[in-house]
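Subject: Structure handover

Hello,

Here is the structure I promised you. Please open it first, then read my notes below with the model beside you.

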Amino acid sequence: MNKKVIDITDLNFVYETQPVLESIDLTVYQGEFLALMGPNGSGKSTLTKLILGLLKPQSGTIQILGESPKIAQKKAQIGYVSQKANSFNRGFPATVREVVASGRYGMKGLFRMMQARDWQKVEEVITKVGLASLQDQNIGKLSGGQQQRAFIARALVSDPQLLVLDEPTVGVDASSSHQFYALLQELHQKLGLTIILVTHDIGAITHYVDRVVCLNKKLHFHGTPAEFDHNKETIFTNTYGHEVQMVLHQHE
């Protein structure tokens, strides 16, 4: 059996007196590509912060690769692409290569010099995300889709075993979103990378992922894309509290 990358047992989280997550049990195995979806305020962001070690549960346990999320983060075992990645200052004076290299500092220490092997890794991940010809371009001059590729490269440059992406296609056009999801699928398949994708893009989920998790304080569904498609009307009603109209994305 594959090893557990994320192991969550009876996890509960409360903001002040407001329950946000209740009795969450979730296991993610090495090499899985999982989509996490739910309405606004459903607890997706809180669960993401718990996985990243930014919050601690009031009760229950969460382990990343058999350790606490904070330790896993310190060991650079988690790569993260924020929803806010595209909202940075476009005038920021840094090239794609420099932005990607900044993801290496966490494992080296801020004031330690980059070595030849570090720059080799930077070149490697830039090539993997298809930005080799743009690596000397200012990051602010790239399209939204190209910028997201650069931020994925930044997240991957420390060789994490888990990649977490929070609404990565917000503000990106449909064509770029399709290319972005295809890139994630390719990275997943070629690198055996474990990926958690937090998304509202319901129409794209089943084309790319191995499993779907529907969250609204509690887990209302956890299964394969085929199971999700077969029961989606009931799943949406249970998760969102009302029927949800699907928007179909055509993918070639």
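Start with K121, which is found in helix α5 (residues 116–128). Helices are DSSP runs of H or I with at least four residues, strands are E runs of at least two, and both are numbered from the N terminus.

Two notes on the source before we go on. This is a predicted model, where local features need pLDDT of at least 70, side-chain atom pairs count only at pLDDT 80 or more, and totals for chains, interfaces and linings use all residues. Residues are numbered from 1 along each chain as its sequence is written, and side-chain values use heavy atoms, with hydrogens and water left out.

Back to K121. Is it buried or exposed? K121 has 11% relative accessibility, so it counts as buried. (Buried means under 20% relative accessible area, exposed over 50%, and partly exposed in between, with a 1.4 Å probe and protein chains only.) The K121 side chain makes a polar contact with the side chain of E124, at 3.1 Å. (A polar contact is a pair of N or O atoms within 3.5 Å; within protein, one must be able to donate a hydrogen and the other to accept it, and residues adjacent in sequence count only if both atoms are side-chain atoms.) Setting aside neighbours within four places in sequence, K121 is in contact with R104, L156, V157 and D159. (Contact means heavy atoms within 4.5 Å.)

Now the cores. The largest nonpolar core has 45 residues. (Such a core is a set of buried Ala, Val, Leu, Ile, Met, Phe, Trp, Tyr and Cys residues joined through side-chain atoms within 4.5 Å.) M37, I152, L163, L165, L184 and F228 touch the most other members. Helix α6 (residues 144–156) gives the largest share of this core, 6 residues. The core draws at least three residues from each of domain 1 (1–77 + 160–252) and domain 2 (87–159). Those domain bounds come from an automatic or database domain assignment. A second, separate core has 27 residues, including I24, V28, I62 and V164.

Next, the aromatic rings. How many aromatic pairs does the structure hold? There are 6. (Rings of Phe, Tyr and Trp, the last by its six-membered ring, pair if their centres lie within 6.5 Å; planes under 30 degrees apart count as stacked, over 60 as edge-to-face, and the rest as tilted.) The ring centres of Y181 and Y208 are 5.5 Å apart and the planes are at 35°, so this pair is tilted. Y181 lies in helix α7 (residues 174–191) and Y208 in helix α8 (residues 202–208), so the pair ties together parts that are 27 residues apart in sequence. F228 and F236 form an edge-to-face pair, with 5.6 Å from centre to centre and 85° between the planes. Both F228 and F236 are buried. F221, F228, F236 and Y240 form one aromatic cluster.

(The arc is that of the directions from the helix axis to the C-beta atoms.) After α10 comes G241, with a positive phi near 85°.

Last, look at Y240. Leaving out residues up to four places away in sequence, Y240 touches M37, G38, P39 and I202. Y240 and N40 are 200 residues apart in sequence, and 9.5 Å apart in space, C-alpha to C-alpha.

Best wishes
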